[in-house]
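Here are a few exercises to work through with the model open beside you. Try each task before you read its solution.

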Amino acid sequence: MASRPISEMGLPKSIANVFAARSIKTAKDALSLTEFDLMELADMGLAEVTSALAHISERVSPPYQTALSLLEQRIQNEQLAGHLPTGLKGLDEALFGGIPFGVITELVGPAGIGKTQFCLKLSLLASLPTRHGGLDAQVIYIDVESKFSSKRLIEIGAQSFPEIFYTRGMAQEQMAGRILVLRPASLAEFTESLQQIKLLLLERRVKLLVIDSMAALTSGEFEHGASKINPLGWHISFLKSVGELSRIPIVVTNQVRSQSSDDTWRYNFQVGTRHRDLEDTSKYDSQLIAALGIHWAHAVTIRLILETISGERFIKVAKSPMSPALAFPFSITSSGISLLNDDGIEVVGQEISTIHCDGHSEIIHSDTLQFHRQ
Amino acid sequence: MEVGRLPISAALKGKLVSAGYTSLSLLSSLSPSHLARDLNISENEALDILKHAPHDGRIDTSGGHHIISGAQTAWDMLHEEELLTRITTSSVDIDNILGGGISCREVTEIGGVPGIGKTQLGIQLAVNVQLPVHCGGLGGKAIYIDTEGSFMVERVLQIAEACWDDMLANNAISQNVHAGQVGMQPKDFLENILYFRVCSYTEQIALINYLDKFISEHRDVKIVVVDSITFHFRQDFEDMALRTRLLSGMALKLMKLAKKFCLAVVLLNQVTTKYAEGSFQLTLALGDSWSHACTNRIILYWNGNERYAYIDKSPSLRSASAPYAVTARGIRNNVSNCKRIKLM
């Protein structure tokens, strides 16, 4: 819409010609100037400029819809009104049906907690036929850290849906054949693949996009606080707009890093604990925050935090426009991830955005049986 | 007033100056044909220029004060302000610090960290504006401009249903209620929210320009929520000066809309980090020049385990904080020691 040429807008000929002569070719060019700039540039009076801008604005503005028609459209056209069920009952209920279409869902947590396992399970679920709760479509899996394991994928499939995978011999090839794995070696390659993916998405053959992991694309290049321009800025907008246009779920994993003294979660009018925390540097190593900064945190619509507290793993809905913050204990099994409790524990306050990690001292110093048992 | 500031084209300005007319007072006693001959332009163009010249002896009786056109006495404004109703936020504590709720004819900015409830508050206001006046609304429609894609229709339905339940419960108690007002179903609330999805800053500017015409055709719109005003201006803007110009242009237009159509404009903003007083601190995004653009500013933040709203800037309200909660029913008062709230 922004790059629509002025010549197609139906402006009076004289005005269109003047604009073209001054290299105002697209709507974006015209709207990026203030009225006085345009008057100066095009040598026209205020009334003319205002009416030309009003005309262009009307053509470029997106159309509106009532919220009701939006709802009805989704109920009618999309499976479960626009959700991909994860198979985890408590989580699906909290998310009104599953991973929502059209927005970015982020999985963040320390290494080894199960983010890739979750992604593998989701990819499998999306490739299943609709009568088994899937989207009956292809999946694009962008595997930045080379963690995708087809063997594990088949194992999850066989354990979760034995009836499909054993009775129909072709099933394995069919399901696994729908998952396209990309391994970009750099941010530039990733950018290029995104453009190609957009075409596939618009053709409606791909119905899930998984990026594992987003943070690995910029590791080392992105310095917190130093540069103003976020190298992933364009990608975030692109993903969001493409996701919405094609109404597919986008699942992205993110890493964690320890909190440095530069980070802050307080406003300058909030008094009290700030000074004390800054001096207590021993706290920093144990406090983890999600990578990619606050701009990314705003951009994702749903944030699921995976963490360990005292040996138990939890998946927590930390940010969601439609659910309270609930944490569900889970475990990793041969059939992927399963919840140990579907009710969820409510989480309040700062706990919602904290990420807990137990560290390895238990393993290194342990002589209990739990780590040796298999 | 200098000729250079007239709203006419540059070529005409050039001709005026080279003919010796450097200030408007020199034009005041000229006739259009004389000026046209002098400058070698058409009579219509000369008329255009002379419209802006001051004419002695002409009294402007078209509204406004008799001394300065367009002015209003503070006494008249006071009466106008008292008649303005406000939109409730559904949390009595927040309504109290706001003097009753979000006010019309003003631009209110609401900012906070991700996940604090900005979109929730935006949706709650879009639903509440539709309530009848005695319930805290304005009986009007809402325009919701979504730049981030965080508008989840299922959640809007959930909030609308809770609102409808509350209205039913209240009407059962109060006696002076017209029969027709209880007839609104939850889905009717959704029908009165006009949703726009904006995908780039060009579309955002275009839409805000277009709103003038749109709202004159949809006069029952009483609130415009932009969620969020920041998103498209945070990336790929190398020219910061351009960004500031565009943002201030947008702010002025929104302010004009609010005043012209007597509606409330609510802008949701994100946070960013800024280096101040020796450390990085949180502040609302879009820079210092933007912070002057809004009339009122509310910051949402965490205090321990509770959410708080703080009035950071207001011409008439005192700085105060109030706790609130985001529940399955929407924004509500914070009930301390509340038991586990479970989704139905």
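**Exercise 1. Classify K141(B) by its accessibility, then find its salt-bridge partner.**

Step 1. K141(B) has a relative accessible area of 23%, so it is partly exposed; buried means under 20%, exposed over 50% and partly exposed in between, with a 1.4 Å probe and protein chains only.

Step 2. The partner is D220(B), with the closest N and O atoms 3.9 Å apart. A salt bridge here is a side-chain nitrogen of Lys or Arg within 4 Å of a carboxyl oxygen of Asp or Glu.

Step 3. Helices (H or I, at least four residues) and strands (E, at least two) are DSSP runs, numbered from the N terminus.

Step 4. D220(B) is partly exposed too, at 35%.

A note before going on: this is a predicted model, in which local features need pLDDT of at least 70 and side-chain atom pairs count only at pLDDT 80 or more, while totals for chains, interfaces and linings use all residues. Residues are numbered from 1 along each chain as its sequence is written, chains are lettered from A and ligands numbered from 1 in the order in which they are written, and side-chain values use heavy atoms, leaving out hydrogens and water.

**Exercise 2. Decide which parts the salt bridge of K213(B) and E58(A) joins.**

Step 1. The closest N and O atoms of K213(B) and E58(A) are 2.9 Å apart.

Step 2. K213(B) sits in helix α9 (residues 201–217) of chain B and E58(A) in helix α4 (residues 46–60) of chain A, so the pair joins two chains.

Step 3. K213(B) is partly exposed at 37%, and E58(A) is partly exposed at 29%.

**Exercise 3. Describe the ring pair of F151(B) and Y195(B).**

Step 1. The ring centres are 4.7 Å apart and the planes are at 25°, so the pair is stacked. Rings of Phe, Tyr and Trp (its six-membered ring) pair if their centres lie within 6.5 Å; planes under 30 degrees apart count as stacked, over 60 as edge-to-face and the rest as tilted.

Step 2. F151(B) is in the loop between β4 (141–146) and α7 of chain B and Y195(B) in strand β5 (residues 193–197), so the pair ties together parts 44 residues apart in sequence.

Step 3. Both F151(B) and Y195(B) are buried.
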